[in-house]
There are 2 protein chains.
Amino acid sequence: MTVSSLVQLRLVWCCWTLPRWQMNNHKRPLAVWTSATAQWTLKQKKLAELYRMPVSRPSILSGTSLLGKRALSTTSSSPKEVMLTSERYGVQRLPFSHVSDSDIAFFEHLIPGRVITDPDELRLFNVDWLQSVRGCSKMLLRPRTAAEVSEILRYCNKRKLAVNPQGGNTGLVGGSVPVFDEIIISTALMNQVISFNSVSGILVCQAGCILENLNQYLEELDFIMPLDLGAKGSCHIGGNVATNAGGLRLLRYGSLRGTVLGLEVALADGSILNCLASLRKDNTGYDLKQLFIGSEGTLGIITAVSILCPRKPKSVNLVFLGCQSFSQVLGTFTTCKGMLGEILSAYEFMDDKCMKLVENHLKLSNPVTGSSFYILIETSGSNSAHDEEKLNNFLEHVMASGLVTDGTVATEDKKIKMLWSLRERITEALTHDGCVYKYDLSLPVERLYDLVIDTRARLGKTAKNVVGYGHLGDGNLHLNITAESYSHSLLDAIEPFVYEWTAQYNGSISAEHGLGFKKKHYIQYSKPQEAVLLMQQVKAMLDPKGILNPYKTLPASS
Amino acid sequence: MTVSSLVQLRLVWCCWTLPRWQMNNHKRPLAVWTSATAQWTLKQKKLAELYRMPVSRPSILSGTSLLGKRALSTTSSSPKEVMLTSERYGVQRLPFSHVSDSDIAFFEHLIPGRVITDPDELRLFNVDWLQSVRGCSKMLLRPRTAAEVSEILRYCNKRKLAVNPQGGNTGLVGGSVPVFDEIIISTALMNQVISFNSVSGILVCQAGCILENLNQYLEELDFIMPLDLGAKGSCHIGGNVATNAGGLRLLRYGSLRGTVLGLEVALADGSILNCLASLRKDNTGYDLKQLFIGSEGTLGIITAVSILCPRKPKSVNLVFLGCQSFSQVLGTFTTCKGMLGEILSAYEFMDDKCMKLVENHLKLSNPVTGSSFYILIETSGSNSAHDEEKLNNFLEHVMASGLVTDGTVATEDKKIKMLWSLRERITEALTHDGCVYKYDLSLPVERLYDLVIDTRARLGKTAKNVVGYGHLGDGNLHLNITAESYSHSLLDAIEPFVYEWTAQYNGSISAEHGLGFKKKHYIQYSKPQEAVLLMQQVKAMLDPKGILNPYKTLPASS
C-alpha cells in the first residue's frame, strides 16, 4: 500500500459522520428486555444507551484493516532519519566476517534473483517498524524452502557470517532488524500452506505465511487461528512463534506453547530439525520445539509450523464499555469471568489518554465518551441465543451495580471490526504522537494500573503522554510514554524505574514482546542469574559461533 | 487402604442391584421435550431410554474413589514375585558409586528420621504399579524442602551416586522406579500448598502434593485443577509435570505446557533453578521450565509448581452412549464438536472388551449394554439451562441420525463419578486380567481403532485380550494386550509391529505415558535422529555425570 492511498483513506474517514444506532433499531433485542416489566424502565434506558452503535461503511472498514497493518509505509517519517543503532546505543561489532563479493556470488548461485543488495531496497528492512533502531545490512536473502535456509546457514556458519532472521518486521523491541551488517534472511517467500486437516483442526504451513492470510484461509473452512494481534496484516507466523506472540485471543485459546504442535527449524550449522508433528499429544523425549518458541531467532530459524486451530465461533459479540475508575475495571473483570465463563474470549482495557490519541491521530470515533477507562469484552460461542442471554445478564448486572457507566454492543462483523480498531490501532496512534518508549509488562492485575499512575507522576511534563492499555485478562499492561523526540535523559528517568517497579511485584519486564535488542540487559529483573547462565549455555550449545541474531535476547556471557 | 477393606467394598458393590432412572423421574427435563409435538413420540421414547441411570450409594462412591487409586495394595499379587528389571531386560549397570555406610550417615545427618534403608519398607518403592519392573534400591530419602533436595543432589553428584526421583509411583513405563540400586528421592513429604490467588486462579505448591488433594482444596475455593487422570488419588503434581501428564481434561484446558506457569527445579549439581513465576505471560529469555516438563526426572528434580487453574464449572453433565461401530464413534465426535462447542470437556471411548473387563474384574455395572463401543462425553459450563439445551439438541440429533443406539445421562455429582469410574478404572481392571502389555499412542483419529483390529488379528489366541480405549478427542489410543503371564515371544509379536504401524501414520509411540525405561529404545519411531542427538546434548549439558534417573527416556549416546 502506498502512502497516497493511505492519505485518501484517511480523508474518507475524516469526512464520515457518525449516526447512532438506537436500541429499537437493533436487530436482535435480547429476550430479557422484551419481557421487561415497568420496574425495568430506568434500567432499560441505561441499557438502551449501551446499544447505540455507529453505522459502518465497507470502504472504511477495508481502509481500517489496511491502515491497521504494521508496515513502514504507515508511519510518518522517513527511515533515513533513524539513527544507527550502533551509534545511538554505543554497541561494539562482534568479530564476524564481512560479506564479500564471493559470498554474494555464492548466494546468487544458490537462490538466483532473490539476493537483494541494492541499498535503497535494503533500507526498509534495516529499520524497525517503530523507527527506533537501524542496522546497516548489505544483503537480504529470500529463500523459498527450508532446504535453501539450511544451505544459507551452513555457508554462513562456515564463513562466520552473522544473520538476522526477519518475518514481517513488526517486532517492538528491535529484534527483527540487524544491529550491524548481519545478513537478513527474510521468510517472505516461504508463504505456502502445507496441509490442513478439518477433522483435527491442525494447520501445517511455512513460516512466512502472514497471520491475517492464514486466518482468512481458515475462516473459509470454518476455523480460525488461535492467535490474533494488531500486526496481523504484516506479521509472519514464523515470527509469531519465534517471539511467542500473545495477543488478543490468548485469554481463550492459551499460549503458543500449547497450540503449536510442531516446528521445522534450520539450526545454525545448517542441519534441519524436523519436529513438525501434527499430534495433539506426543511424549517421546524432550519437547525440543519449545526451545525455539520465544527464542527470537537466536537458536534457529523456524521454517514451518504445525498449529492447532479452533473452530470458528458461530456467535461473536463485542461490548465496549466505559468505567470511571480502574477498580471498576477490575470489578467488571471479576464479574465477567464468573458470568460469561466459557464464552469470554477477550478482556482488553485502555485509559482515556489512549482514546484521545486514537481520536486525534487516526480520526477514529469513540462511541462511548466521557469515561476514564474503556473496556472491550468479546464473547465467542456456539449458540447466539445463549451467548446473548449470558451477555445480557452480565450487562444488566454491571450497569445496575454501577461498575459500568456507559457502553455499546456490536454483534455484526463490520461493527465488531470497527470497535476492535479502537483498541488494535493504539500502537499506530502512538507512533504519530512522537518518539515512543514502549513497555510491555506482566503484573498482578490488582496493581496493574498503579505503574501508569506512578510513571506519570514521576515524569511530569518531561513526557508528552503516559498511557496504559492492554490485555487485562492476562495481567498484561502496555505502558507507553511519548515525547517529541528521543532523549537519553527521559530514558534515564524511565529506566530502570519501570523495571524495578515491576520486579518488586514479581512481574515480567516483557510479557509478550520479547527482549530483542532493546531489553536484553534487563533480563535480570525477571530471571535469576542461574537461569540466565543456563540460557547462555543453551545458546552456546546450539549456536557455538553465535551467528544467529547476535546482540539480541541474552546479555553476553561474562 | 488395606486389602481386606478393599475386599469388603467389592462385596458391597456386588450385592448392589441397579434400579433404573426413568425419564419422567428426572429432576430437570429439558425444555425441548416439554414442548415436543406428537411427531416426537418415537424420539421421546428413545431419548427417555438415555435418561435411565443407576442410583448410587455414598459408601460405594467413596469406595470407588479409593479403589481407583493407583497403589500397590490394590493389585493382586505380591511385589516379591516381580522379576528384577536387570534380569528380565538384561541391562548392564553403569559405573555409578555404591551407597556406603558413610553415605547413609551423611543423609541421616541431613534429614534425620527420613532415610529408609529397611528392605521390607523399600520393597514397595522398588516395584512399579503394574508390577512389571523391579529395582533393588537400598535407600529412599524423604526430603521436605527444595533446599534438602538440593543438598542431596549436590552430594550425590559429587559422589557419582545415581538417583531415582519418585512421586506417587503411578507411571506406566517403568520410569518411576530404580533399574538397579539408584537412591530413591521421594517427593511424598513435599506436600504443601504455597499460595493460591483467587483472582488469577494461580496455584503454587510443592511437587509432592497429590493431584486429588489439590483438586479438593481448589474445589472449596470454586476452582479445579486443569488436569485429571485415573491415578489422581496417588499421583503427585511434580510427577504429573515431570511426565507431562495428559489425562481427561486436556481436551478442554490444554496441555501442561500451557497451564504450568512456573517451576522450581533442583539440578543435578544441586543448584536450584527458580523459575516459579506466577504470570500468565512472560517472554524474558528462553522458557527453561519447558525443558523439565516431560523430561521424566532425567534433567532435574521438580520441587515446586506454579499452575493456572480454571474456575469450577457451575454445570457438569456426563453422557454415556453406545455405538455399534467405530465410524459411528467418529461421526458422534464430529457432531459433538460442532454442537457442544465450548462446553465440551471430555470425549472418551472404550470398546466392549474393556467394558467386559471392568464388569468381570471390578464388578462395576454397565448401564448401557449390548453395544460394540461406548462413549463418555462430559460438558462443563457456566449455565446449566444453556448446557442442557445444547446437550439435548445434540442427543436428539445423534439419536435421530442413528449414530448412537443407547445411552444414559448424569447431571448429579455422584452419578457422574460413577459413570467416570467405568472409564477411569479400565487400567485397574486390566491388571486383574494378567500380565499387561501397554501401548499409549497418538494417531490420526480416523485410523485410531484400526490398530486394535490389526493387533487382535495378528496375535490371535496368543493374547488373552486385546482392548482399545482412550481420549479420542486428543487422538490418543490406549492399546492394551493381556496374557496369563509375561512372555518374550508375545512381546516379539507385538513389538516392533505396534511401533511400525504407528510410525507409518506419523503417530507418536507415547502420547502421554512417556518413554521411561520400557520405551526409550523406540524413540526413533517418533523422532528423527537429529532430534535424539540434540536431546542427548541437552542431557549431557544439564547432567554431565548422568546421575538423574539413569537408563530412562533416551537411548545411550553412541
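Biologist: Where in chain B does Asn169(B) lie, between which strands?

Modeller: Asn169(B) lies in the loop between strand S3 (163–166) and strand S4 (183–186) of chain B, where strands (E, at least two residues) and helices (H or I, at least four) are DSSP runs numbered from the N terminus. This is a predicted model, in which local features need pLDDT of at least 70 and side-chain atom pairs count only at pLDDT 80 or more, while totals for chains, interfaces and linings use all residues. Residues are numbered from 1 along each chain as its sequence is written, chains are lettered from A and ligands numbered from 1 in the order in which they are written, and side-chain values use heavy atoms, with hydrogens and water left out.

Biologist: What is the phi of Asn169(B), and is Asn169(B) buried or exposed?

Modeller: Asn169(B) has a positive phi of about 55° although it is not a glycine, and at 10% relative accessibility the residue counts as buried; buried means under 20% relative accessible area, exposed over 50%, and partly exposed in between, with a 1.4 Å probe and protein chains only. In chain A, Tyr551(A), which is not a glycine, likewise has a positive phi, of about 70°. Tyr551(A) is found in the segment after helix H22 (529–542) of chain A and is buried, with a relative accessible area of 8%.

Biologist: How should I read the pairing of strands, and which strands does S16(A) join?

Modeller: Two strands pair if DSSP finds at least two bridges between them. Strand S14 (residues 435–442) of chain A is joined to S16(A) by eight bridges in an antiparallel arrangement, with Tyr439(A) opposite Leu479(A), while strand S15 (residues 465–471) runs antiparallel to S16(A) over seven bridges, Asn465(A) having Thr482(A) as its bridge partner. The hairpin of S15(A) and S16(A) has four residues between the strands, and Gly475(A) takes a positive phi near 70° there.

Biologist: Which residues of S16(A) point one way, and which the other?

Modeller: Asn476(A), His478(A), Asn480(A) and Thr482(A) point one way, whereas Leu477(A), Leu479(A), Ile481(A) and Ala483(A) point the other way, and all are buried.

Biologist: How is strand S6 of chain A placed among its partners?

Modeller: Strand S5 (residues 193–197) pairs with S6(A) in the antiparallel sense over four bridges, and five bridges join S6(A) to strand S9 (residues 301–308), also antiparallel. Five of the five residues of S6(A) (residues 202–206) are buried. The hairpin of S5(A) and S6(A) has four residues between the strands, with Gly201(A) in the turn at a positive phi of about 75°.

Biologist: What is the area buried between chain B and chain A?

Modeller: The size of an interface is often given as the accessible area lost when the parts come together. Here that buried area (lost accessible area, 1.4 Å probe, summed over both parts) is about 6,400 Å², of which carbon and sulfur atoms give 56%. In chain B, Lys281(B), Asn283(B) and Tyr286(B) lose the most area to chain A, together 16% of what that side buries. The contact, meaning heavy atoms within 4.5 Å, takes 82 residues from chain B and 82 residues from chain A.

Biologist: How many salt bridges are counted between the chains?

Modeller: A salt bridge is a side-chain nitrogen of Lys or Arg within 4 Å of a carboxyl oxygen of Asp or Glu, and the count between chain B and chain A is eight. In one of them, the side chains of Asp474(A) and Lys281(B) meet at 3.3 Å, N to O.

Biologist: Is Thr284(B) buried or exposed, and with which residues of chain A is Thr284(B) in contact?

Modeller: Thr284(B), in the loop between S8 and H13 of chain B, is buried, with a relative accessible area of 0%. Leaving aside neighbours within four places in sequence, Thr284(B) is in contact with residues including Ser508(A), Ile509(A), Leu515(A) and Met535(A).

Definitions and conventions. Buried area = accessible area lost by both parts, 1.4 Å probe.
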